Amino acid sequence: MNTSDVNVKNIIKFVLFSVFGIGMFLIPIPKDNSFTTGISELQSAVKSWMSAILPYFVLILMLVTTIVSAVDFIWKPKWIRDHKALTRIFKVTPFYLITKTLSLVITAMVIFKVGPELIISADTGANMVSLAGSLVCIVLAFSFIMPFLTDCGIMEFLGVIAKPVVRPLFRVPGRASVDLIASWFGASNAAVILTREQYNGGYYTGREASVIMTNFSLVSVPFCLLVAETLEITQVFPSFYFVICIVGIFLAFVLTRIRPLSKIPDEYNPKTGKRIQEEVPSHISTLGWAMEQSCKRAGEFGVHTVISSGMKVLTGMFFDLIPIVITWGTVSLILVEYTPIFQWISYPMGWYLQLLGVEHAFQAAPATLVGFVDMFIPALLISSITSVKTKFIIGVLSLVQIIYLTEVGAVIIKSKVPMGLKELIIIFLERTIISLPIIVLLANILIK
């Protein structure tokens, strides 16, 4: 075995930095009646510290990104076009310039309480500006810590070790197990961003990244508990979370083998090519190869890695993603709150629920589709339903649908992963239709 990379210095870097990354992202910390993580606590601290200025900070970000993007679009100045990072952030199509402009207008209207109620209400624009503030805190908390999880060797180590299980089950690299754990104990949008960066770096193919983003980005345990509390079914939370896990694993196994995920090209990012190496040579043990790969990665890790990776994530989220969340999240919520469109399109789901024997089928039907917009709206829509079993079924469904346009969906669409809105809608419907009979069956067994 070539042991040039396996030396004391690289082993120390790999172990110490990986322990820090794992400790911040993946180790559950008991808190009240649930769990949290170090990165979640850091996010909470940032949010508490910035609470008074957070809306105005979001407004400034929207002002900067809109003005600079408009300047680039109209005049194409060299100071932007000759700078790779600035071009990536501020060079936009007419559609995205409109999106950024609308995000500025919506944010200003919400903060200064000017404009029609359907835009500035707590259920629409104000909700999205608040979510944008939360995203700011998430990004500030993890941008410069995420490299300790992704770039110093632990992904390579776990990738080699977990490959024999993860690859045959889900047709993705072993390192995808890190994404799943990060999502379980952290936040789904953080896990999607992690996957996006892994694709950009050449560690996932387009198909693998699409599979991971749409199947592994489960919401965190604390959020599952929040949904259960909103539905007033915390007395059955162990069963509730057990069904979420079972159904989530089953969907990941099935959906990776059917369209559209199965037909997405198995090609690496053309800008980076393939950089992953999980195949174990015949003359080396699995553990030895895992150490070789992790130490090689650790040897490349340094302060420059933290700064460059962190700044790339931070600026991309601040100036590129948040405008999309505010604009199209607000538009989507307006459709939910102020139009009957989800009532109309949910009638087939009402018949489907009725066929499965779900109580209050047509009353619960809109909640089966509105989860495409946001993960929390279904719980709010059915909170008045009296049937515990129906609440259980819709609550589980809302948490395994995953394709939440205001959070996960926006990140996926804006990423370079070869998957658009059409594919997301199809995958959302597949997850909904396939999972419902299983959820109903398990609910009938577990809920009396």
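This is a predicted model: local features need pLDDT of at least 70, side-chain atom pairs count only at pLDDT 80 or more; totals for chains, interfaces and linings use all residues.
Residues are numbered from 1 along each chain as its sequence is written, and side-chain values use heavy atoms, with hydrogens and water left out.

The axes of H22 (residues 388-400) and H24 (residues 421-446) come within 10 Å and cross at roughly 140 degrees. Helices here are DSSP runs of H or I, at least four residues, numbered from the N terminus. Axes are lines fitted to C-alpha atoms over the stretch in contact, with angles from 0 to 180 degrees between N-to-C directions.

On the H22 side, the residues that meet H24 include Phe 392, Ile 393 and Val 396; on the H24 side they include Arg 431, Leu 436 and Ile 439. Contact means heavy atoms within 4.5 Å.

Phe 392 comes up again in the largest nonpolar core, which has 136 residues; Phe 392, Phe 25 and Phe 240 have the most contacts inside it. Such a core is a set of buried Ala, Val, Leu, Ile, Met, Phe, Trp, Tyr and Cys residues joined through side-chain atoms within 4.5 Å.

Arg 431 also touches Asn 215, as do Leu 251 and Ile 402, among others beyond four places in sequence. Asn 215 is in helix H13 (residues 206-215). Is Asn 215 buried or exposed? Asn 215 is buried, at 2% relative accessible area; the cut-offs are under 20% for buried and over 50% for exposed, partly exposed in between, with a 1.4 Å probe and protein chains only.

Note on methods. Helices (H or I, at least four residues) and strands (E, at least two) are DSSP runs, numbered from the N terminus.
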